[in-house]
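Good morning, and thank you for coming. Please look at the sequence and the structure on the screen while I take you through them.

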Amino acid sequence: MHVYILRRLILMVPVLLGLTVIVFLIMSMIPGDPALAILGSYATPDNVAKLRADLGLDKTMVEQYWIWLTNMLQGDFGRSYSLNRPVLDEILERFGATLILAGTSLVLCTIFGLLTGVVSAVRQYGWADKALTFAVLIGISVPSFWLGLLLMMFFAVELRWLPVSGMYAIYGGGDLPDLIRHLILPSITLAVVATGIIARLTRSNMLEVLRQDFIRTARAKGLDENRVIYRHAFKAALVNVIPVIGVQAGFVLGGAVYIETVFQWPGIGRMLVNAISTRDILLVQGGVVLVAGSYVLFNLFADVIQHLLDPRVKA
Amino acid sequence: MTSNTATASEIKTKKRSARPSAFKLLARNQLALMGAVILALVVLIVLITPILPLPDPDVTNPAQRLLPPFSDGHLLGTDHLGRDLLSRLLWGTRVSLAVGISASLVAALFGSTIGIVSGYFGGRTDNIMMRGIDMLMAFPYILLALAIVAALGPGLMNALYAIAVVNIPFFARNIRGVTVGIAHREFVDAAKLSGKGHIRILLTEILPNVMPVIVITISTTVGWMILETAGLSFLGLGAQPPQADLGSMLGEGRKLITTAQHLSAIPGAMIFILVMSINLLGDGIRDVLDPRLKSGALARPAPLTKIDRSDQGAGNQIADETVLAVDDLRTEFVLGDDTYKAVGGVSFDVGKNECVGLVGESGSGKSVTALSLLGLVASPPGTIVGGRVMFDGKDVYDMSENQVRDIRGGKAAYVFQDPLSTLHPLFSIGDQLVEAIRAHNAVSYRDAWAKAVKLLGMVRIPNPESRADNYPHQLSGGMRQRVGIAMALANEPRLIIADEPTTALDVTVQAQILKLMNDLRTDHGTSVLFITHDFGVVSEICDRVAVMYAGRIVEMGTTEQVLKHPAHPYTKRLIDCVPRLGEPDRRTSAIPGLPPAVNNLPAGCAFADRCDRAEEKCRVGAIAFDDLGDGHAVRCIKPMEGANG
Amino acid sequence: MADVSDVVLQTSDLVRTFGGGRTFLGGKKPTVYAVRGIDVAVRKGETLGIVGESGCGKSTLARMLVGLDRPTEGNITLTGLDMNDLISDDRHALSKRIQYVFQDPISSLNPRKLIRETLAAPLRYLRGLSGDSLEARMKELMDAVNLRPEFLDRYPHEFSGGQAQRIGIARALAAEPEIIVLDEPVSALDVSVQAQVLNLLSDLKDQFGLTYIFISHDLSVVEAVSDRVAVMYFGRVVEQAPGRALFDKPRHPYTRLLLDSAPVPGKRGLTVEDATAELPDPLAPPPGCAFAPRCSRAQDDCVAKVPDAHYGLDNHDAACFHPLNPVTTR
């Protein structure tokens with residue numbers, strides 16, 4: 001087991017390197033001279049040349065990448081010009097908020113997705129299955145940013161049950177109950193799509209597994225039907241669903257961009273949108289690398305769980 | 001040479017089946033049809049939008065700003081700049097649809113190409129391409145699109161590129177998986193040997209088989225792509241003013257959500273309707289193109305076969321010493337409009353400590369008979385429509401689900417054909433044995449484990465203590481089948497139903513397993529019902545044998561009677577058409593033609609069409625199962641000579 | 001093997017391994033030896049039967065013979081020409097001379113193509129036919145395998161296993177090969193249909209003067225069709241002889257075991273190994289004779305060294321230090 005985790009950790013290194021290469025390449029596609037963009041109306045030929053040298057833009061791509069990478073490894077993600085503070089400080093500050101939101105959503109969508117899928121499969125073609133299947137279809141078809149607005153209008157503006165936006169109340173907030181009250185709407189909105197996807201997959205996998213020969217064997221042994229479904233079938237289906245939950249973590253992290261914008265959640269997604277509009281490239285770069293890196297780590301976690309469940313999977 | 005006659009009757013028996021057209025199947029699915037109709041309507045409207053009498057979507061009119069829906073001249077009202085919302089909605093839908101579909105096609109083209117090439121060539125090509133795809137997939141979905149838009153700058157085309165790029169890995173992965181499966185099929189090798197080159201094979205052999213999957217993937221992602229491009233526009237990173245798509249309209253509406261809710265409600269609802277209709281249609285397309293779904297095979301089998309009996313057997317007397325008595329059992333499958341009479345009235349019994357063989361070719365109904373005994377036939381589509389199964393003097397089909405469950409694995413146990421697929425891959429074999437024991441005995445896990453180890457020793461698995469911790473994939477085929485037998489023995493059953501237990505095994509291992517089963521039967525006094533297609537195996541292990549053809553028993557007797565003096569022409573020819581070891585010069589005489597399909601059985605004898613002794617009266621009315629004396633019975637009006645006794 | 005004038009196909013020291021090499025982190029990947037040194041020769045017009053259980057390497061051997069797989073070591077010669085040279089000159093040259101019939105008849109036909117398209121491929125690409133001559137030839141082939149010409153316009157799913165296998169045979173015949181490798185051609189078929197296909201194969205052989213390499217796990221089928229038989233175990237040929245001799249007086253204990261294990265209708269009482277004997281681990285083959293661990297005659301020399309054998313075209317030999325039915329004439 002330890003060997004497996006260690007091996008996976010080592011194999012993560014090239015993935016992370018590749019990830020930084022892609023980010024670097026994408027950022028180097030930016031048309032025009034970053035020095036010009038940064039200096040704006042202050043751009044005199046002298047200033048531009050000086051900034052180019054400071055930024056290392058006169059070096060080759062490989063050298064530039066190497067400098068950029070080593071700086072990043074030393075915690076130097078550069079300075080955000082729009083916020084005028086180190087990129088790392090800003091993204092770390094906001095990353096916590098995103099993790100709380102995305103983590104809650106991931107837990108919600110995993111629980112409800114698996115539950116819905118299993119119930120739907122067990123009651124195949126019954127009214128519960130039909131209702132759930134329809135709900136799931138709505139869930140994966142509704143734009144989450146619109147659903148967020150609807151929920152906000154209804155529960156926050158009309159009924160005033162929950163706060164409209166933000167992470168904490170401006171006056172007198174800041175404790176855990178306050179956070180939870182603020183978290184409810186955005187985390188549910190964010191979880192809806194992923195719940196639908198996990199539910200569909202769980203349902204079809206359960207149905208597939210229930211037709212397998214080993215389920216017939218379990219029945220031929222005289223096992224209780226509940227045991228057949230919830231122990232034999234569910235475990236076999238879960239093994240196929242877990243990698244998809246890993247992928248859903250990516251959808252949830254990405255989807256946070258919309259939800260944070262809708263609910264004014266002070267996370268990294270909203271920061272990225274702002275940074276793109278203000279062309280604060282270093283901030284975008286840092287944010288993307290951090291979020292993508294944490295996503296890779298999460299997938300490692302999903303792989304390890306699958307490895308624990310399925311003795312057939314080898315590294 | 002008998003093959004000439006063979007073709008003639010084959011044509012008669014094999015009904016030419018036309019595939020139901022894809023559109024017909026799609027139309028049968030009401031939800032999909034609804035999606036298709038809505039989508040067609042939307043597409044039609046946006047196609048004729050340019051010629052509709054609508055105001056220019058971009059002309060502002062501050063005097064008429066924020067009019068509510070159903071205002072004069074503005075059916076859906078106006079926005080904060082006084083632009084007509086209906087006009088903007090239709091033009092916006094046009095843009096969103098076009099962008100979504102284009103992005104899907106771009107992603108499908110590049111992704112599928114990578115997937116097909118990677119999957120077909122494999123090896124290093126595959127490795128390099130897939131590592132690249134992995135890198136792209138290491139990014140949380142929309143984040144990569146954001147990074148690309150950040151680099152290229154906001155704009156509709158850039159959003160399209162970004163969404164297309166982030167979806168390429170999805171296509172590549174999916175299509176590669178399918179291609180790998182197809183590239184290893186034998187027809188690809190056959191095409192290579194037919195002189196086709198790689199390009200030709202890719203285009204004419206692989207692509208036609210991958211195409212349905214590409215279509216499925218496109219139809220299930222178009223909706224998603226529309227959502228994502230709308231999302232980018234919503235964030236202000238897609239369509240730039242004054243051009244509008246649904247997402248940017250929603251984004252603008254959000255700013256005025258408290259004052260003019262229709263500005264966000266209308267475009268949001270439009271996206272929802274559009275995506276929903278596409279998803280409904282996409283699911284329909286998937287159901288039509290996916291062969292597994294098409295056959296309705298994904299229905300969940302019930303724990304007990306559906307029983308809907310029109311009669312309860314012929315009421316034959318049952319001798320005292322019988323363990324199992326089957327009386328006129330009939331099991332049918334209903335698939336579409338066809339009823340398959342898989343088991344069409346089967347009667348036999350198994351005495352104490354007796355081994356009865358049930359012999360037949362594939363489709364003869366022997367396995368369905370075996371599974372019907374304790375209600376293990378999958379239903380849907382299977383139903384037991386008549387007869388009874390007396391186990392220990394009680395009719396199994398009159399019992400409750402719980403009572404049947406008590407018998408399963410308790411007094412009667414099954415051993416199945418392929419021990420790899422019949423053992424659960426994720427539980428250790430010890431664990432699976434413990435389950436079997438504890439399902440029928442209230443013993444602790446520890447005690448059950450000890451018994452499991454003992455059982456493994458009983459079926460002669462070396463080092464049973466350590467082997468009990470193994471998973472099925474860690475054992476060889478022969479060892480797995482021993483586990484299957486151990487599981488059947490767990491609760492000292494009176495009857496073991498063995499369904500082709502040695503067919504998947506090599507001959508030397510088969511010999512070991514047959515010996516093991518024979519020894520165990522003698523030691524424990526167990527009765528065995530042994531299903532096989534191999535007369536050699538029958539001679540080895542069975543006391544009596546029943547020969548099945550087209551769902552019915554055509555001959556039954558002691559093994560010696562049936563093998564030495566077969567009475568039914570089918571039995572005789574079936575024995576003769578197999579080459580026999582040690583008799584290389586005997587030219588085997590083939591049986592012409594094919595067995596009849598059980599959804600289209602002829603009147604009279606089902607074998608008459610292939611029988612060289614058949615007469616007119618063989619083809620009319622039911623043929624009786626006549627006793628020839630000494631328990632040898634045959635369903636033939638002209639039994640073979642010298643067979644009586 | 002000196003008497004080679006009528007030998008059409010010969011292999012020498014054929015080895016095929018899978019895996020091997022190094023992993024990304026520098027660890028050694030395990031090597032599986034599927035075929036571990038095989039010498040066989042086939043005479044024109046004869047049927048060489050190759051029999052063995054699953055995992056013995058018989059299918060790997062078959063695939064190498066038709067060029068679907070390449071040997072790791074050793075070479076294959078067709079009437080004296082090295083197969084590699086043959087392929088490098090003209091990639092169709094091999095397929096024109098040696099063809100293959102697959103085990104699973106349905107999956108060897110593309111489910112989305114008409115039989116016509118499948119059957120036309122070898123005629124078009126290997127024999128350069130087109131138009132009327134192509135059409136006429138297809139009818140001839142269908143006739144040769146006793147199928148009606150209207151079957152050409154059907155899809156594979158409309159056929160039974162036996163019919164599909166006849167189409168597979170017709171496709172192999174289309175290339176007008178000298179040799180056909182038959183890889184378990186009847187084992188996927190029901191017994192009553194097996195005989196139809198076996199009889200057809202025998203008729204075609206006489207009609208077209210074909211040479212067969214018939215691979216099967218079924219001893220009785222191999223005995224019925226073969227002029228000479230080679231028995232494979234764990235990647236090697238352990239015994240080879242003219243058909244009768246091998247079945248009457250097997251020399252290798254493994255052949256004996258195979259014969260004893262096959263159930264025969266009407267006979268009872270198989271002799272069975274005592275132990276729960278199994279194949280050796282292909283990742284770690286034993287040093288000497290691979291059969292030694294389950295052989296009752298094994299002695300010290302069996303586990304020390306791999307026994308050798310001299311397989312000629314007409315002799316009977318076994319790779320065994322302590323053979324049964326000791327040699328009287330050699």
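How many bridges join strand 4 of chain C to strand 10 of chain C, and do these strands run parallel or antiparallel? This is a predicted model, and I ask you to keep that in mind throughout. Strand 4, residues 47–51, and strand 10, residues 228–233, run parallel and are joined by four bridges.

In chain C, seven strands form an open sheet with mixed pairing, and their order is 7-8-9-4-10-11-12. At the edges stand strand 7 (98–101) and strand 12 (317–318) of chain C; each has a single partner strand, so one side of each is left without a neighbour in the sheet. Helix 1 of chain C, residues 58–65, lies across strands 4, 7, 8, 9 and 10 of that chain. Its direction is at about 155° to strand 8 of chain C.

Strand 9 of chain C covers residues 211–216. Please find C:Ile213. Apart from its neighbours within four places in sequence, C:Ile213 is in contact with C:Val42, C:Leu48, C:Ile50, C:Leu65, C:Ile179, C:Val181 and C:Leu182. C:Ile213 also belongs to the largest nonpolar core, which has 385 residues. Together with B:Leu143, B:Ala147 and B:Leu529, C:Ile213 touches the most other members of that core. The element that gives the most to this core is helix 10 of chain A (residues 225–262), with 17 residues.

That brings us to chain A. Chain A has 12 helices and two strands. Read from the N terminus, its elements run α-α-α-α-β-β-α-α-α-α-α-α-α-α. Along the principal axes, the C-alpha atoms of chain A fill a box of roughly 85 × 55 × 35 Å. Chain A has 315 residues, of which 41% count as buried. If we take the contacts in chain A between residues at least 6 apart in sequence, 71% join residues at least 24 apart.

Where do chains A and B meet? In this contact, 63 residues of chain B touch 63 residues of chain A. Several helices of chain B give two or more residues to this side, including helix 5 (123–137), helix 9 (198–234) and helix 16 (429–438). The largest share, 10 residues, comes from helix 6 of chain B. By class, the chain B side has 40 nonpolar, 15 polar and eight charged residues.

Within chain B, we turn to a pair of helices. Two packed helices are described by the angle between their axes and the distance between the axes. For helix 4 (residues 85–121) and helix 11 (residues 262–289) of chain B, the axes come within 11 Å and cross at roughly 35°. The crossing is right-handed. B:Leu85, B:Leu89, B:Gly92 and B:Thr93 in helix 4 meet B:Ile266, B:Pro267, B:Met270 and B:Leu274 in helix 11. This contact has six nonpolar, two polar and no charged residues.

Finally, the sheet of chain B. Eight strands form an open sheet of mixed pairing, in the order 7-8-9-4-10-11-13-12. Here strand 7 (412–415) and strand 12 (626–627) of chain B are the edge strands, and because each has a single partner strand, one side of each is left without a neighbour in the sheet. Strand 11 (residues 552–558) and strand 13 (residues 633–634) of chain B run antiparallel and are joined by two bridges. In this pair, B:Met556 stands opposite B:Ala633.

Conventions. Residues numbered from 1 in each chain as written. Chains lettered and ligands numbered in written order. Predicted model: local features only at pLDDT ≥ 70, side-chain atom pairs only at ≥ 80, totals over all residues. Pairing = 2+ DSSP bridges. Axes fitted to C-alpha atoms, helices over the stretch in contact; angles between N-to-C directions. Left-handed = near helix turned anticlockwise from the far one by under 90°. Contact = placed C-beta atoms within 7 Å. Nonpolar A, V, L, I, M, F, W, Y, C, P; charged D, E, K, R; others polar. Buried ≥ 20, exposed ≤ 12 C-beta atoms within 10 Å, placed from the backbone. Core = buried A, V, L, I, M, F, W, Y, C linked by C-beta atoms within 7 Å.
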